[in-house]
Amino acid sequence: MNSFEYSSPATLNEALALLGSQWTDAAPLAGGTDLISLMKDDVFVPKRVVNIKEVKELAGIHKTAHGLRIGATVTFDEIASNPLVRSEYPSLHEAVLGVASPQIRNMGTAAGDLCQRPRCWYYRSGYGLLAMKDGKSLVPNGENRYHAILGAGPAYFVSASSLGPALVALGASIKIASASGSRTVEAGKFFVTPHDENGREIVLQPNELVTEILIPSASGVKNATYEIRQREAIDWPLAAASVALHMKGSTVSEASIVLGHVAPTPWVAAQAAESLKGQSITEESAAKAGDAAVEGAQPLSQNSYKIQLAKVAVKRALLAAAGKSHAAGA
Amino acid sequence: MPDSTTPNYHWPPMNDRRVMGKPHTRLDGIQKASGAAKYNSDVKPSGMLFGVLLTCPHAHARVTSIDTSAAENLPGVTAVRVISPAGKELQWAGAEVAAVAATSEETATKAARLIKVEYEQLPFLVREDDLSQAGNRAKPAGEQVTGDPDKAFQEADAVVEGNYGIPVITHCCLESHGQVIAWNGDKIEYWPSTQNVSGIGGDIARALNVPAANIHVHQDHIGGGFGSKFPSDLWGVEAAQLSKMSGGKPVKIFLDRETELLIAGNRPSAYGKIKIAGKKDGSITAWESYTWNTGGLAGGGLAADLFPYVYRKVPNRRINHTAISTNTGSARAWRAPNHPQASYLTCSAMEDLAAKLNLDPLDVFIKNADLTMRADAYRAQLQKGAEIIGWKKNWHPRGEGGSGPVKRGLGLAVGTWGGAGHASKCLATIHPDGSVEVELGSQDLGTGARTIIAMVAAETLGLPVSAINVKIGDNSYPPSGASGGSTTSGGVSASTRKATVNALEKLYAAVAPGLGTTPDKLQAVDRRIVVQGDTSKSLTWEAACRKLGTNKISETGENNPRTAEREGLTTGGVAGVQMADVSVDTETGLVKMNRLVAVHDCGLIINPKTAESQIFGACIMSICSALFEERIADQQIGRVLNPDMEFYKLAGLMDIGEIIVHLDINAENDHRGVIGLGEPPAIPGDAAIGNAVANAIGVRVPHLPLTADRVLAALASKGGNA
């Protein structure tokens, strides 16, 4: 790790003033669960590290008139233990518990989850976000078992965010501030697919901070997340799905289905959601929605199995949201 | 018959033992659990410098130039050494290029980065799973034929042909390889992480060209070795040289996790195309194997006499092996070298044959027991394991694992090992104040060696375990073998037994006249020296020792492997059977461990508690390798992509399920003396788990680890779900 300047501002304005116009000028430090490893591996070498954990405006999780407000530096553990999250936002609760390490739940933060960099091993080995060598991506002919099956090329990594799919499905928005003001972005538009080496996988600019996440009330909205990962111990999901269902009696009036870890962004399966309108959630309709959700998937040499996993994740998330257990048990 | 001058070293009769054979908590358990235990990676002598290695990023390259001037000029840097000068050919990513010592780790790291190295990149091969891609890197070992395999295959009732494979995995020692070392004048103080306290000093002495007697080795605890920590290694030698160049200040080099995973050893892979034949009654008649593997640049060996594994006496056999040289870090011994691989390839094929014959594999493994070297032991263990896991009740033919998407299955496999004690010498001292010390230049790898040494001494001297001061981990103590091949328990228990018996004889001689008897009539029990048959005549242990006046008793005892079997304190040769119970979600391909049953014979068990722990650890390692572990290399760039604990996956607590250990503790096994238990339980797990998955889902998943992609691919190959 290279030497860096460290600052620990007490207010949001001070923190924003310490950011720069380039990513390498300054890096916000919250839980540090990703930043420190990026720095140790020399994947990212910031000149300045700005500790934002002392900034009071960025803390706190509480109910608002419209739903739930989660401050940028709220930890996974704070989210998981919040009673409102447990009762009204099970999809968020399950997404947080999917981060199966108490240490990371204690340190990792909401904004950190959104802003963490992809886990693609070519990226982490120094080949850049698009895994390029000699003008060509290493992924298609390489070790791509964990890479994207949807929306891929030229970026093949998968979004690492655990909360992203649930936030998108719940219609959340992300509040972003810079020294010159603030803006609010829909969660679904916060994540983007970069098209060149200098691109970024989120819309945040170097001089900006995520300050809070606003989630509309989910009262009456059936929602769930289902994650498939190789280990029960801490592990990145192979595929995940978050769903939110507005019901009219026993049928779906409006649905949202968002896949995780299968594309460079949380992947909105709009047609699959549309197909559920007017349907009740059964093993059959859920399986059909799963099939529809991976429509257009283009597997690489080693990851066609992720299509099956994505289908199953959607099916099981829908059944869970509807309060039905799937045939394979919990 | 022992003559009258040879003391009776035999283990006390099984039923008379008061300490040995009873579960005892490990002596250093609290220290380790509380963090009080100091490992050598915790050692920080005054003035210690930090050493860092610069390693090669390429799989195969020649150094064309190296410039260390910027590193040397960095403030805080005390020494820079070029390990690979211009012209040197490097054969794997991670190979050592230069080493730096500085006053802080950050400075040393920065300095290493300032070293400018230019390479000429050369062609490389980093993968061996596809034999057809190996080209001239493949070296066939030649064919061995026994009997008439062609005829036997023709005449068989069933023939099964299959492909099986296990990738390269690594040791993943929690404490990485390395040492702190200080070379001051003609003396070297050396704190390595080692499995070889008595021998490693001599090893580094040769490399440094100093007298071995000038090297003092210390090690109280080690954070894992598993076979990978015997030599002093290049980083030990370099750290010593950096220390010397830095005026004798201690230098610490412990490998970072990436380098540890790349160059500090691995378990060779094993791939094979195997054909096996049998009769309707389940008897195996023929075996044919074409295997290949790698252990790095030197290729990899899977000796012909490992196949078929355990069931050695299959009458008709054809065996071929091809070693593949790859540009990857070199293999090292990994808990039962080559046995888990041989067990996997053999027991998988046997299970597949049983399925083809519509027979229960338990019956097939029992039926063919006469093809093994220890038929009775295997039959008994297979029956015991079956009883514990409820085999006959729970086993079902392949693919009949239930109607839902989650299928349950059972699988079994076998293993064998030696485990006789190594050469070991112990010095036992009884002080006039009654205190007792036993000293051995041995090491406790986390196995409980320290505890069993104390238990043996306590048993012999009639004292509680707490009265024994065990001193190990220092090469100034009498030499004891390296801890490899399950040799430590037999070695240190035999030498400790002999040394303490010898010391006790001296104590008897000193106190016998005062008790009005002869030494041969005395006995040490319950902290007393008593006259046999006359309880009125006795001395407390302390009173007896006071009779020594100012003279302590110091006696040695030695285990010599050449005579040990005759003496009967330690022997070797064990069987083992493991049975796995798994559930497989056929929609996701995820495998869940329910139970792993381990049945092992292991001679005389000194401490059932630490013996059981040894088996737990081995079973967990097998679960890791069966379900998660693989070193993943990319042939495009010649690099390992997962040299970390993130994508190099090990099981967590939730992934392990229940482990049930059955130790074959009985008079017959007890008579065989002490036998090591390090390797045997690390052998059958891979195959047992693979077989359980095949049983659950109705199709073989050919290659470990049994990850979702492989399980789903196997299910798809079968056509639809199980």
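In the predicted model, B:P705 lies in the loop between α18 and α19 (708-718) of chain B, where helices (H or I, at least four residues) and strands (E, at least two) are DSSP runs, numbered from the N terminus. The peptide bond that leads from B:L704 into B:P705 is cis, with omega near -5°. This is a predicted model in which local features need pLDDT of at least 70 and side-chain atom pairs count only at pLDDT 80 or more, whereas totals for chains, interfaces and linings use all residues. Residues are numbered from 1 along each chain as its sequence is written, and chains are lettered from A and ligands numbered from 1 in the order in which they are written.

Helix α18 of chain B comprises the 13 residues 685-697. At 1.5 Å a residue, these should span 18 Å, and the end C-alpha atoms are 18 Å apart, which agrees; the expected span is 1.5 Å times one less than the number of residues in the helix. Of the 13 residues of α18(B), 13 are buried, so the helix is largely enclosed by the rest of the structure. Here a residue is buried if 20 or more other C-beta atoms lie within 10 Å of its own, exposed if 12 or fewer, and partly exposed in between, with C-beta atoms placed from the backbone. After α18(B) comes B:G698, whose phi is positive, near 85°.

Chain B as a whole contains 19 helices and 31 strands. A compact globule of 722 residues would have a radius of gyration near 27 Å, and the value of 28 Å for chain B agrees with this; the radius is taken over C-alpha atoms, and the globule rule is 2.2 Å times the number of residues to the power 0.38. The C-alpha trace of chain B spans about 85 × 75 × 45 Å along its principal axes. Of the 722 residues in chain B, 59% are buried. Two residues are in contact if their C-beta atoms, placed from the backbone, lie within 7 Å. Among contacts in chain B between residues at least 6 apart in sequence, 80% join residues at least 24 apart.

Helix packing was examined in both chains. In chain B, the axes of α12 (residues 449-461) and α13 (residues 488-511) come within 9 Å and cross at roughly 30°. Axes are lines fitted to C-alpha atoms, for helices over the stretch in contact, and angles run from 0 to 180 degrees between N-to-C directions. The two helices α12(B) and α13(B) are therefore roughly parallel to each other, given that angles under 35 degrees count as roughly parallel, over 145 as roughly antiparallel, 65 to 115 as roughly perpendicular and the rest as oblique. The residues that make the contact include B:I452, B:V456 and B:T460 of α12(B) and B:V492, B:T496 and B:T500 of α13(B). The crossing of α12(B) and α13(B) is right-handed; a crossing is left-handed if the near helix is turned anticlockwise from the far one by less than a right angle, and right-handed if clockwise.

In chain A, the axes of α12 (residues 283-293) and α13 (residues 305-321) come within 8 Å and cross at roughly 140°, which makes α12(A) oblique to α13(A). Contributors to this contact include A:E283, A:A286 and A:G290 of α12(A), together with A:K311, A:V314 and A:L318 of α13(A). The crossing of α12(A) and α13(A) is right-handed.

Helix α5 of chain A (residues 90-97) has 6 of its 8 residues buried, so it is largely enclosed by the rest of the structure. The buried residues of α5(A) are A:S91, A:L92, A:H93, A:E94, A:A95 and A:V96. Their cover includes α3 (76-80), α4 (83-88), α6 (102-107), α9, β11 (221-229) and β12 (237-248) of chain A.

Most residues other than glycine have a negative phi, and most peptide bonds are trans. A cis peptide bond joins A:G153 and A:P154, with omega about 0°; A:P154 lies in the loop between β7 (136-137) and α9 (164-169) of chain A. A positive phi, near 65°, is found at A:D42, a residue other than glycine, in the loop between α2 (35-40) and β3 (48-51) of chain A. A:D42 is exposed, with 12 other C-beta atoms within 10 Å. B:D526, also not a glycine, has a positive phi of about 45° and lies in the loop between β23 (522-525) and β24 (528-531) of chain B. B:D526 is exposed, with 12 other C-beta atoms within 10 Å.
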